[in-house]
Amino acid sequence: MRRQRWLEFKRPIPRRATVALGVAVWVIFFALWEFAVAQAWVNAKFMPPPHVVVGTLYEMLAGGAFVVDIGISIYRIFLSFALACLIAVPLGILMGSFRRVEAFFNPLVSAWRYLPAPSFIPLLLMWFGTGDTQKIALLFIGVLWFLITIIMDHVKAVRAELIETSMTLGGSRWQILRTVVVPAAMPNIVVAMRQMLAVSWTYLVIAEIVAATTGIGAVMMRAKRFLHVDQIMASIIVIGLLGLLFDYLFRLTHRRMFRYLDERER
Amino acid sequence: MRGAVASRPQTGAKLSVSHVSKSFDTSSGDVIDAVVDVSFDVAENELCALLGPSGCGKSTVLRMVAGLEEPTDGSLMLDGQEIVGPGGDRGMIFQTYTSFDWLTVQQNVEYGMRLNGVPKGERKARADHYIELVQLEKFRNAFPSQLSGGMKQRVAIARTLANNPAILLMDEPFGALDAETRWTMQELLMIIMESLRPTVLMVTHDIEEAIFLADRILFMTRHPGRIREDLETRFKSGQRIPDKEAVTGLEGYADLERHIMHMMREESPNRERRA
């Protein structure tokens with residue numbers, strides 16, 4: 001047998017090795033960081049070592065106030081995303097199915113896609129003040145237009161033969177929409193939602209560092225005023241972990257919902 | 001049509017295609033005649049094959065029968081009724097796989113009946129019958145992603161037949177299958193022809209397939225598509241023989257095949273180079 005080398009082109013590796021390597025990269029990252037601070041290569045005031053950040057994170061969570069801010073941020077994400085889906089899913093499906101609907105809405109949707117959502121912050125502040133409504137409005141317009149376009153494209157990609165099969169079995173337009181177009185596009189629509197939820201987290205931070213008193217972003221801006229770098233870093237970690245968690249939950253839902261898909265298509 | 005009295009000969013034809021033409025507008029503004037003045041009838045219980053080189057418009061003719069395309073000229077009648085759009089009385093089987101991924105084999109076969117409001121008990125019984133007919137009993141709860149190509153086409157056949165169409169339309173149904181599976185599927189279709197006696201209009205570019213399966217072969221020319229010859233497979237003496245080997249051994253098979261090959265070569269776009 002040929003000698004097993006450590007690096008081989010495209011050779012699959014055992015699952016345990018995947019996990020071990022994935023953990024190792026983080027261990028090395030944090031170890032280097034600790035080492036750099038201990039050696040005073042960087043100023044501990046602006047770059048506190050990981051163990052301090054973790055300690056701060058624990059204190060913040062134990063204090064309770066931060067948990068409320070996390071809750072507020074999640075609430076903003078959820079409400080804005082649910083509203084965006086409520087409009088984008090049916091509209092995207094109709095635009096992808098019928099050329100006339102596309103011809104009507106697409107010029108509007110395409111134009112909005114090129115307007116950066118944060119540029120609306122001054123307007124939104126004038127209209128809605130600094131409360132939840134303004135934050136949710138920003139997240140909503142940040143996600144909506146892309147979501148509509150992506151869903152439309154996925155619906156357009158539904159094969160014509162599937163629709164024609166239903167037609168020659170006696171399906172009406174409404175039946176075809178409900179029993180062919182929607183189920184055929186649904187796995188990809190859920191993937192699109194997962195991807196856009198990640199974008200939503202980006203807009204959340206932008207929304208909460210401008211004129212905000214609550215939410216994770218606001219906590220970070222307050223910490224900046226008092227040079228609490230450890231608190232800023234702890235907040236960044238929380239945002240990252242929440243993003244990962246929601247992505248994982250979406251992945252899990254996708255797997256549960258679409259068990260019928262071939263392993264390769266997932 | 002003013003002045004001209006629509007006098008249609010009242011034959012016993014199941015499907016009647018008369019003087020049908022179809023032209024397409026291209027993006028460059030030209031008009032392409034895909035099908036020109038095609039007329040033919042298909043009798044009840046007949047399996048009629050539209051055969052010809054690629055680009056002869058045979059699929060376009062089939063799609064017009066299905067109601068998926070509108071003719072530019074002429075008319076199509078099924079059971080004396082003008083065809084104006086797609087409907088459940090003209091079930092179509094495509095070359096590409098059309099099983100619905102999100103439904104099991106059983107649900108796929110029940111799909112058409114569900115659309116048409118067939119009550120649950122009858123739906124189940126009819127689906128069972130057709131699943132057995134295509135020999136997929138063991139896979140009734142499987143999803144299409146677990147099936148081979150040939151099995152997916154069996155699902156499509158069972159699903160279409162279970163919907164009880166007046167005519168079965170097939171667009172190169174076995175074209176995507178490997179040679180061995182194609183052969184098995186052709187024999188299965190012959191068994192179905194014997195037991196259910198459906199009326200079938202089938203498109204193919206495979207000469208062997210047409211001779212083996214069809215009672216009648218309509219050979220079409222290329223660009224624009226017209227019917228060049230209407231051939232009956234008389235050498236089979238009206239029998240449906242579900243054994244391809246036996247059919248190829250019959251007297252008359254070779255002559256018909258040679259005749260069609262000759263026409264195919266004449267219609268071939270590479271003809272000049274070969275000569």
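Modeller: Over all chains, the count comes to 22 salt bridges. This is a predicted model, in which local features need pLDDT of at least 70 and side-chain atom pairs count only at pLDDT 80 or more, while totals for chains, interfaces and linings use all residues. Residues are numbered from 1 along each chain as its sequence is written, chains are lettered from A and ligands numbered from 1 in the order in which they are written, and side-chain values use heavy atoms, with hydrogens and water left out.

Colleague: What makes A:Glu8 and A:Arg5 a salt bridge?

Modeller: The rule asks for a side-chain nitrogen of Lys or Arg within 4 Å of a carboxyl oxygen of Asp or Glu. The closest N and O atoms of A:Glu8 and A:Arg5 are 3.2 Å apart, so the pair passes. Side chains of opposite charge can pair when their charged atoms come close.

Colleague: Is A:Arg5 buried or exposed, or something in between?

Modeller: A:Arg5 has 44% relative accessibility, so it counts as partly exposed. Buried means under 20% relative accessible area and exposed over 50%, with partly exposed in between (1.4 Å probe, protein chains only).

Colleague: Why do you say that A:Glu164 and B:Arg63 join two chains?

Modeller: A:Glu164 belongs to helix H7 (residues 160–167) of chain A and B:Arg63 to helix H1 of chain B, so their pair joins two chains. Helices (H or I, at least four residues) and strands (E, at least two) are DSSP runs, numbered from the N terminus. The N to O distance between these side chains is 2.7 Å, and the interface of chain A and chain B has one salt bridge by the rule.

Colleague: Why is A:Glu164 called buried? And why does B:Arg63 count as buried?

Modeller: A:Glu164 is buried because its relative accessible area is 13%. B:Arg63 has 18% relative accessibility, so it counts as buried too.

Colleague: What makes B:Lys22 and B:Glu69 a salt bridge?

Modeller: Their closest N and O atoms are 3.9 Å apart. B:Lys22 sits in strand E1 (residues 13–25) of chain B and B:Glu69 in the loop between H1 and strand E4 (73–78), so the pair ties together parts that are 47 residues apart in sequence. B:Lys22 has 11% relative accessibility, so it counts as buried. Through shared partners, salt bridges join A:Glu164, B:Lys22, B:Arg63 and B:Glu69 into one network.

Colleague: Which residues is B:Thr60 in contact with?

Modeller: Contact means heavy atoms within 4.5 Å. Apart from neighbours within four places in sequence, B:Thr60 is in contact with B:Lys22, B:Phe24 and B:Val35. B:Thr60 lies in helix H1 (residues 58–66) of chain B, and it is buried because its relative accessible area is 13%.

Colleague: How do you know that chain A and chain B bury area between them, and how much is it?

Modeller: Buried area is the accessible area (1.4 Å probe) that two parts lose on being put together, summed over both. For chain A and chain B this is about 1,900 Å², 62% of it on carbon and sulfur atoms. In chain A, A:Thr168, A:Leu169 and A:Tyr260 lose the most area to chain B, together 38% of what that side buries. The contact takes 19 residues from chain A and 26 residues from chain B.

Colleague: What puts the buried residues of H8(B) on the same side?

Modeller: The buried residues of H8(B) are B:Tyr253, B:Leu256, B:Ile260, B:Met263, B:Met264 and B:Glu267. They cover an arc of only 105 degrees around the axis, which puts them on the same side of H8(B); the arc is that of the directions from the helix axis to the C-beta atoms. On the other side, B:Arg258 and B:Arg265 are exposed. Among the elements covering the buried residues are strand E3 (47–51) and helix H6 (207–213) of chain B.

Colleague: How does the span of helix H8 of chain B sit against the one expected?

Modeller: The expected span is 1.5 Å times one less than the number of residues. Helix H8 (residues 253–267) has 15 residues and reaches 21 Å from its first C-alpha to its last, close to the 21 Å expected.
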